[in-house]
Amino acid sequence: MTDQIGTEQNPLRAAIIGSGPSGFYATEALLKSGLDVRIDMFERLPAPFGLVRNGVAPDHPKLKEAILVYTRIAAHPRFNFLGNVTIGRDIGIEDLRASYHAVLFACGAESDRRLGIPGDDLPGSHTATEFVGWYNGHPDYRDREFDLSSEVAVVVGQGNVAVDVCRILAKTVDELKHTDIARHALERLAESKIRGIHMLGRRGPAQAKFTHVELRELGELADCEPVVKPQDLNLNSASETELADKRNRTAIKNMEILRAFAARAGSNKGRRCFIRFLESPVKIKGKSRLERLILAKNRLEGEPGRQVARETGETVELDCGLLFRSIGYRGVPLPGLPFDERRGVLPNVDGRITDAQGKVLPGLYCAGWIKRGPSGIIGTNRADSVATVKAMLADIEAGGIDTSVKQGAQAIYPQLAARGVRALGFPAWLKIDAAEIACGEAAGKPREKFTRTAEMLALLD
C-alpha cells in the first residue's frame with residue numbers, strides 16, 4: 001500500500017472508455033495534470049475518434065481536423081490504445097475497477113430517441129443514426145438497407161444532424177464523389193429517385209436548432225432548391241421577443257436565411273427541400289411498409305424561451321416512402337453500471353457516477369454525452385471533460401480513491417487473450433489509416449474507409 005497516487009512508484013492508472021472527443025480531451029487533461037499517469041483508452045471498434053470519424057458529414061472535412069489533435073495526444077508515451085475491445089462483453093466493469101485507480105466513461109450517446117407513435121417500426125422508418133453511420137462507413141450500419149426508390153423522404157427534427165441528412169439526400173454524385181463518403185453509400189445514392197425532402201419541426205422557425213452555417217448550405221446545392229412558405233415565417237409575439245434578444249444570434253441569422261429562401265424565385269432544379277414548421281408526426285401508415293405520414297398542426301404556447309408546441313386538432317397527410325427521425329440521441333446502458341433511463345445518461349454528480357440512491361461510486365467517472373446528454377458541438381466536450389478530470393483529481397487529493405498499486409493494461413491483456421479478443425494498439429490503427437488514404441487517392445478521395453471490422457483485421461494480418 002502507498003498513500004500517494006500519481007508518483008513514479010504508484011502512477012495514476014486511468015482507463016478511458018471511448019475514443020471520441022470527450023475521451024481524448026479527458027486524456028489531454030490528465031496528461032497535463034502534473035501527476036505521473038498511465039492512460040489506457042478502450043474502443044470497441046478498430047478505428048478511433050468516435051463521431052468525428054463516424055458522425056461528421058463527409059462533405060464537412062474541416063470538422064474532422066480535430067483528428068489531428070487527437071493523433072498528437074495519442075503519440076504521448078504515457079498513452080496506450082486498446083481498439084477492438086468491447087467493455088461489458090470482453091472486459092467487465094469489475095475487471096477495470098480492479099486494474100485501475102479511475103475509470104472514465106466517454107462512450108457518447110449511441111442510440112436515437114423514438115417518436116413513440118403508431119407505425120414507428122414499419123419498414124422505411126429509420127433513425128438518423130443508422131443513415132449517418134451507413135454513409136460514413138460505420139461497421140455497425142454497413143449492411144443497412146434504405147429504400148431510395150420513392151420520390152419523397154421525410155426528416156423529423158431540425159438540428160444539424162437533420163440538416164446533414166437532408167443535404168446528403170439532396171446532393172448529386174458529383175458533389176459527393178470527392179469526399180470520404182463510403183463507396184457503398186455513394187453507389188446507392190447515385191440511383192436515388194428522391195425528388196422531395198421534407199424537414200419537419202414541431203415548433204417554429206425561431207426555435208429551430210440548426211445553425212445558420214448549416215442552414216445556408218441548403219441554398220447552395222447544385223440540384224436542390226430550398227422551399228419555405230412565407231406564411232410559416234409569421235411569428236407570434238413570444239417568438240418576436242426571443243428574436244429581439246441580440247444574444248440569440250443563431251436564431252436571428254436563421255430567420256434571415258429562411259426569409260431569403262422564402263423570397264427565392266422558382267428554379268428548374270431537380271429536387272426540392274421543404275423546410276416545414278409547427279408540425280408533428282402522430283401516425284405512420286402503410287400496409288407492409290411506410291406509405292404516408294399523418295402530421296398534427298401545432299401552435300406555440302408559453303413565455304419567451306419556454307414555448308412548447310400544442311396540437312391544434314388539425315392534421316394533414318404526407319405521402320412518403322422513407323423517414324428518418326432526428327429528434328435527439330440517448331446513451332445506452334453498460335453492463336455493470338447504473339443507468340438513468342429517463343435521461344439516457346449515466347447518473348452522476350459533477351462527472352462522478354452514482355448508484356440508484358445517489359451515492360458516489362468511488363473511482364468511476366463519466367464525460368461528454370453519456371454524462372450530460374446530447375448537447376453542444378465537438379469543442380463543447382473539452383470543458384466538460386476537463387471538469388470531470390478536475391473532480392477526479394480532487395478525489396485523489398481528498399483520499400477518496402483506492403491508493404493501492406494498480407497494474408492497468410498489464411492485468412487486462414492476459415484476460416483479453418484468454419477470451420480470444422485481439423486488442424489493437426494505435427500503431428495498428430495508423431496502418432489502417434494509411435491504407436484508407438492510399439485507397440482513397442486512387443478514387444480522388446481523401447480516404448476510402450474500410451467498413452467492416454473483418455476487413456481491418458485482415459489488413460493487419
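This report describes the nonpolar cores and the aromatic pairs of a predicted model.

The largest nonpolar core holds 48 residues, of which Phe 131, Tyr 135, Leu 169, Leu 218, Leu 258 and Ile 275 touch the most other members. Several elements give two or more residues to this core, among them the helices α5 (128-135), α6 (160-170) and α11 (249-263) and the strands β7 (152-156) and β10 (271-276). Helix α6 supplies the largest share, seven residues. Leu 218 illustrates the packing: leaving aside residues up to four places away in sequence, Leu 218 touches Val 163, Cys 166, Arg 167, Met 199, Cys 224, Pro 226, Phe 261, Cys 273 and Ile 275. A second, separate core has 42 residues, including Leu 31, Leu 104, Trp 429 and Ile 432.

The structure also holds 16 aromatic pairs. Two of them share Phe 426 and are set out below.

| Pair | Centre to centre | Angle between planes | Arrangement |
|---|---|---|---|
| Phe 49 and Phe 426 | 6.4 Å | 75 degrees | edge-to-face |
| Phe 79 and Phe 426 | 6.5 Å | 80 degrees | edge-to-face |

Phe 49 lies in the loop between β2 (37-43) and α2 (50-54), whereas Phe 426 belongs to helix α15 (residues 426-442), so their pair ties together parts that are 377 residues apart in sequence. Phe 49 is buried, with a relative accessible area of 2%, and Phe 426 also counts as buried, at 8%. Phe 79 lies in strand β3 (residues 79-83), so its pair with Phe 426 in helix α15 ties together parts that are 347 residues apart in sequence. Phe 79 is buried as well.

Key:
Residues are numbered from 1 along each chain as its sequence is written. This is a predicted model: local features need pLDDT of at least 70, side-chain atom pairs count only at pLDDT 80 or more; totals for chains, interfaces and linings use all residues. Side-chain values use heavy atoms; hydrogens and water are left out. A nonpolar core is a set of buried Ala, Val, Leu, Ile, Met, Phe, Trp, Tyr and Cys residues joined through side-chain atoms within 4.5 Å. Buried means under 20% relative accessible area, exposed over 50%, partly exposed in between (1.4 Å probe, protein chains only). Helices (H or I, at least four residues) and strands (E, at least two) are DSSP runs, numbered from the N terminus. Contact means heavy atoms within 4.5 Å. Rings of Phe, Tyr and Trp (its six-membered ring) pair if their centres lie within 6.5 Å; planes under 30 degrees apart count as stacked, over 60 as edge-to-face and the rest as tilted.
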